[in-house]
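Please look at the strand pairing and the aromatic contacts in the model shown here.

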Amino acid sequence: MSAQVRDCDICIVGNGAVGKAAALGFAQAGLRVSLLCAPGSGVAAVAPASADWDVRVYALNHVAHDLLSSLKVWDALDQARVAPVSAMQVQGGGVDAGKLGFDAYGAHVNELAWIVEDKNLNQALDTALRFAQNLTLVQGRAQALVLDAEAAQVVLDDGSSIRASLVVGADGAQSWVRGACDIGLDYRSYDQQGVVTNFECAKPHHGVAHQWFVQEQGIIALLPLPGNRVSMVWSAPDALAQTLLREPLSALVERLMPYCSEVLGALQPVLPEAIKAFPLRLMRPHSMIAPRVALVGDAAHAVHPLAGHGMNLGFADVVDLLKVIKEKEAHRDCGDARLLGRYQRARKEEVLLMLATTDSLARLFASDLTPLRTIRDLGLNLLDRLPVIKNKLIAHAMGK
């Protein structure tokens with residue numbers, strides 16, 4: 001008896017938020033889609049409502065908002081748990097450090113971004129996936145990628161396979177698809193971890209996101225959540241990160257007070273207390289495409305989270321790949337090499353700019369050399385007084 005072969009137009013490997021959004025987009029465009037998930041994962045059942053706040057959050061920009069709206073996912077979010085960002089304040093860690101402010105009014109929009117919990121985002125995507133037409137969920141582990149002139153075949157560990165015109169690698173920073181295509185990778189660890197947790201604050205945050213560059217201690221961001229809550233993302237050197245994870249959250253509050261007490265007042269850990277960390281690294285694959293393969297999300301790039309754009313870059317990948325496939329000539333299939341070349345060209349500038357910008361800023365603000373620190377603070381203060389340039393930066397950050 002021959003092994004089962006599932007035929008489709010597009011096979012998406014990986015079921016994170018970016019992969020799910022890609023699956024929905026292609027399915028809603030009328031293409032036959034297979035979404036390959038690891039055993040035991042897939043689309044979650046609707047979970048009972050929980051008052052617990054997820055410590056992993058994303059600052060979604062306008063590109064992400066527009067994509068999720070077009071997929072009918074944005075309105076499925078629990079809006080009571082979504083916090084709009086009306087302004088952002090960036091500054092160094094010292095008393096006389098440079099400062100830079102952005103606000104929605106100056107950018108001529110209602111919000112700069114939206115803070116969304118990982119759980120809220122994925123539950124809304126899962127709800128949409130359960131009702132999607134043209135979409136098949138497949139649980140299994142990919143073992144081999146076999147190419148021929150007509151299609152790509154993903155062979156699974158049970159002997160079955162998925163045959164598709166295009167394979168989309170949405171399987172994260174350790175992408176199996178990228179490895180199967182033998183795509184080279186530039187990799188560098190920042191020797192930092194993103195430490196995340198949530199706090200109640202005594203003063204209202206007014207929708208303002210705060211970020212402090214504190215030299216050898218890394219970068220501290222406090223992002224607004226609904227009510228008087230904030231989400232902390234501390235990009236901390238590895239040794240400090242391990243200390244933060246071991247200490248009680250009351251000790252972490254004491255570390256934060258010199259920076260935020262004036263604007264947010266006293267902090268209290270959100271109950272039940274939770275704290276997590278994830279490694280920070282720069283990853284730049286040498287290509288986002290291979291024969292009949294396109295990479296999206298962390299499989300295609302990993303950037304420092306100081307600008308909060310990792311997830312936004314992934315959603316922008318999906319937007320451009322969807323556009324290329326929807327506008328393809330009738331005689332081309334979804335994996336046509338010319339189409340994939342268009343996708344890579346569409347993404348090249350934004351991805352390289354974000355990689356270079358976040359990497360340069362991370363290096364610059366990590367330095368404690370006095371000349372660099374002086375130039376850095378002067379630069380922030382000068383930029384704050386140049387509205388034309390500042391508004392261009394805001395527009396780029398929002399994806400506009």
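Predicted model: local features only at pLDDT ≥ 70, side-chain atom pairs only at ≥ 80, totals over all residues.

Residues are numbered from 1 along each chain as its sequence is written, and side-chain values use heavy atoms, with hydrogens and water left out.

Q: Which residue in β17 stands opposite Q192?
A: Strands are DSSP runs of E with at least two residues, numbered from the N terminus, and two of them pair if DSSP finds at least two bridges between them. Strand β12 (residues 185-201) runs antiparallel to strand β17 (residues 276-285), with 10 bridges joining them. Within β17, the residue opposite Q192 is L280.

Q: Which residue of β15 is the bridge partner of T197?
A: β12 also pairs in the antiparallel sense with strand β15 (residues 229-237), over nine bridges. The partner of T197 there is M232.

Q: How many residues apart in sequence are the parts that W74 and W114 tie together?
A: Rings of Phe, Tyr and Trp (its six-membered ring) pair if their centres lie within 6.5 Å, with planes under 30 degrees apart counted as stacked, over 60 as edge-to-face and the rest as tilted. W74 and W114 form an edge-to-face pair, 5.5 Å centre to centre with 75 degrees between the planes. Because W74 lies in the loop between α2 (62-70) and β4 (83-85) and W114 in strand β7 (residues 113-117), the separation of the parts they tie together is 40 residues.

Key. Helix = DSSP H or I, 4+ residues; strand = E, 2+ residues; numbered from the N terminus.
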